[in-house]
Amino acid sequence: MRFVVVRSSAPGCAPNCPEWISAEGTIEAGTPALLRRLLKTLGGRQLPIVVNSPGGNVDAALQLGRMIRKNKLDIAVGITEFSGCSPGMKNCRDNDGKDQPYSGVAHDSGAMCNSACPLMFAGGTRRVVGEWAYLGVHQITTTYQREKLLYRTTYRIVNGKKKIISTRVVSRKKAGSYKTYEMSKAVEKRLSAYLKEMGVEQGVLSVMKATPASDIRQIEPEDMLEMKLVTSLDSLDLLADGTICRRQPAPANCREIPSNGKPTEVAAVEAGPSPVTSTPTPSPQAQEQEMRFVVVRGSNPLCNPDCPEWISAEGTIAAGSADKLRQLLDTIRERRLPIIVDSPGGDVQAALAAGRLIRERRLDVAIARTDFLDCDPGTEGCAASDGVHPGLTIDAGAECDAACAVMIAGGVRRLVGANAHFLVHSMGMADKVRAYLDEMGIGSGFFVAMQSAEYAKHRELSRDELKTFGLTTGPQSVDALTGATICSSAPMPDNCRALPAADAEAKAPAKL
């Protein structure tokens, strides 16, 4: 998770605009230190936090929640879309320490706060989750690390008996690890005390315990209000809308910058051009997260030793995405693994190439996120065993936007679950896209729906519309391709694979 201060770039809000702290990404052990460092730079200013996170480390989430409550900060579930430049972009300097925040707008469409994130969220003074945001919980997965210790004991013989003088550890060696998928009594007691401390009802804990670690239970707005997890049924606009600074008195997160004041340095930095000039330029935030392809094996203990495998495709479709997919498919040879996609869109021409490759290999596709259990691929020290990462699929909060729809159309089976988002807007290369959809057997109504939606105003298609247009091939969700029990069906799906007996025993979660 990274934290940056953002100033609203909404038209008409200047010179007095709201500011907030954007918190996006996975909660890790070092995340609380990052927030603490940022808060020190604010000199006591109370900016609301706009969070978008799949969850992560429970202990860190509790620390974040307590820090947020101590500083009396409000919190909302939302996504920040940056204007001009975004954190992590090349040639984009972080100016937060110089009182020069990034600029952008916040919205709740597709935003999520799942798993451990609601524990962080509970720390907010005011806590809001908009109509189009997701807040979900599930059982806690605990990883235990075994160590082999070698001791050196010094003793003396006294009256014929050994008297121990000192004992110290002289070496430590890792001896493997195991996971548990149910909350221990000690953890339950800690979480119960924390929720009571934050003024949140114990119903949240009950829902967590009742939801398997392989699933996510989205809590409905009325239930969140009853549990006191949210303080009102307001949306993110309550804290970050461009018009809130016109109120009297103005909220604490408003700051006036005179029109003749020095412009923020980040506002002058512009994103590079899109690789294909005939397509709209994706946002800078999307550009920095190029689509990656990773082979994943289901880690639900119900499937061992014969578990489903799939290809996780997450991020923005870029010029080289189709080539990367082809390279991965060449490494797995004739195996037909479904592709699980979560993407904001991107390069249309690359999406056409990827879609044709998917159809050529006769692969199924579904819209969902992959939650990696051990570590996130691409991070330092995250090595895959036998080239495969353990994980679970969840459709809550997943999206397929713009050019992603073109890529999805190539699947043999095409599934979009009830909790996934499918958005379209008009795009360039209209003739090529129309011909491609005809080639894939997609009804003309889908192309019309795409082109009728303005680029700046994405249109979300319902499951019924997707079925009517012929884009989806059935009502199933991603579980039809990656569920824990699919490998027990007959005939067994192509993407099931049993590990060798010894290996399966080593990888299976320990039973207490």
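Me: What makes the meeting of the Arg434 and Asp431 side chains a salt bridge?

Reply: In this predicted model, the N to O distance is 3.3 Å. The cut-off is 4 Å, from a side-chain nitrogen of Lys or Arg to a carboxyl oxygen of Asp or Glu. The value of 3.3 Å passes, so the pair is called a salt bridge.

Me: Where do Arg434 and Asp431 lie?

Reply: Both are in helix α12, residues 430–439. They sit three residues apart, about one turn of the helix.

Me: Why is Asp431 called exposed?

Reply: Its relative accessibility is 61%. Exposed means over 50%, so Asp431 qualifies.

Me: Why does Arg434 get the label partly exposed?

Reply: Arg434 has 38% relative accessibility. Buried means under 20% and exposed means over 50%; partly exposed is in between. So 38% makes Arg434 partly exposed.

Me: What lets such side chains pair at all?

Reply: Opposite charges can pair when the charged atoms come close.

Me: How many salt bridges does the structure hold?

Reply: It holds 21. One of them joins Arg413 to Asp364.

Me: How do you know that Arg413 and Asp364 form a salt bridge?

Reply: Their closest N and O atoms are 3.4 Å apart. That is within 4 Å, so the pair counts.

Me: What makes this a link between distant parts of the chain?

Reply: Arg413 and Asp364 are 49 residues apart. Arg413 is in the loop between α11 (404–408) and β21 (414–416). Asp364 is in the loop between α10 (348–360) and β17 (365–367).

Me: Is Asp364 buried or exposed, and why?

Reply: Asp364 has a relative accessible area of 13%. Buried means under 20%, so Asp364 is buried.

Me: What makes Glu465 and Arg459 a salt bridge?

Reply: The N to O distance is 2.5 Å. It falls within 4 Å, so the pair qualifies. Glu465 is partly exposed at 24%. Arg459 is partly exposed at 30%.

Me: Which residues are linked in a network of salt bridges?

Reply: Arg7, Glu19, Arg45 and Arg255 are.

Me: How do you know that the buried residues of α1 line one face?

Reply: Helix α1 covers residues 31–41, with Thr31, Pro32, Leu35, Leu38 and Leu39 buried. Seen down the axis, they fall within an arc of 125°, so they line one face. They pack against β1 (2–8), β2 (16–24), β3 (49–52) and α2 (58–70).

Me: Which exposed residues does the face turned away carry?

Reply: Arg37 and Lys40 are the exposed residues there. Just after α1, Gly43 takes a positive phi of about 60°.

Me: What makes β9 and β12 paired strands?

Reply: They share two bridges, in the antiparallel sense. At least two are needed, so they pair. Gly136 stands opposite Gln218 in β12.

Me: Why do β7 and β12 count as edges?

Reply: The open sheet runs β7-β9-β12, with mixed pairing. β7 (112–114) and β12 (217–218) each have a single partner strand, so one side of each lacks a neighbour in the sheet.

Me: Why can Val169 belong to a nonpolar surface patch?

Reply: Val169 has 32% relative accessibility. Patch residues need over 30%, so Val169 clears that cut-off. Leu149, Tyr151 and Val169 make the patch of about 240 Å². Val169 lies in strand β11, residues 161–180.

Terms used:
Residues numbered from 1 in each chain as written. Predicted model: local features only at pLDDT ≥ 70, side-chain atom pairs only at ≥ 80, totals over all residues. Heavy atoms only, no water. Patch = residues over 30% accessible without salt bridge, like charges linked within 9 Å, V, L, I, M, F, W, Y side chains within 5 Å. Areas by Shrake-Rupley, 256 points an atom, 1.4 Å probe, with all protein chains shown as cover. Helix = DSSP H or I, 4+ residues; strand = E, 2+ residues; numbered from the N terminus. Buried < 20%, exposed > 50% of the residue type's maximum accessible area, 1.4 Å probe, protein only. Arc of directions from axis to C-beta. Contact = heavy atoms within 4.5 Å.
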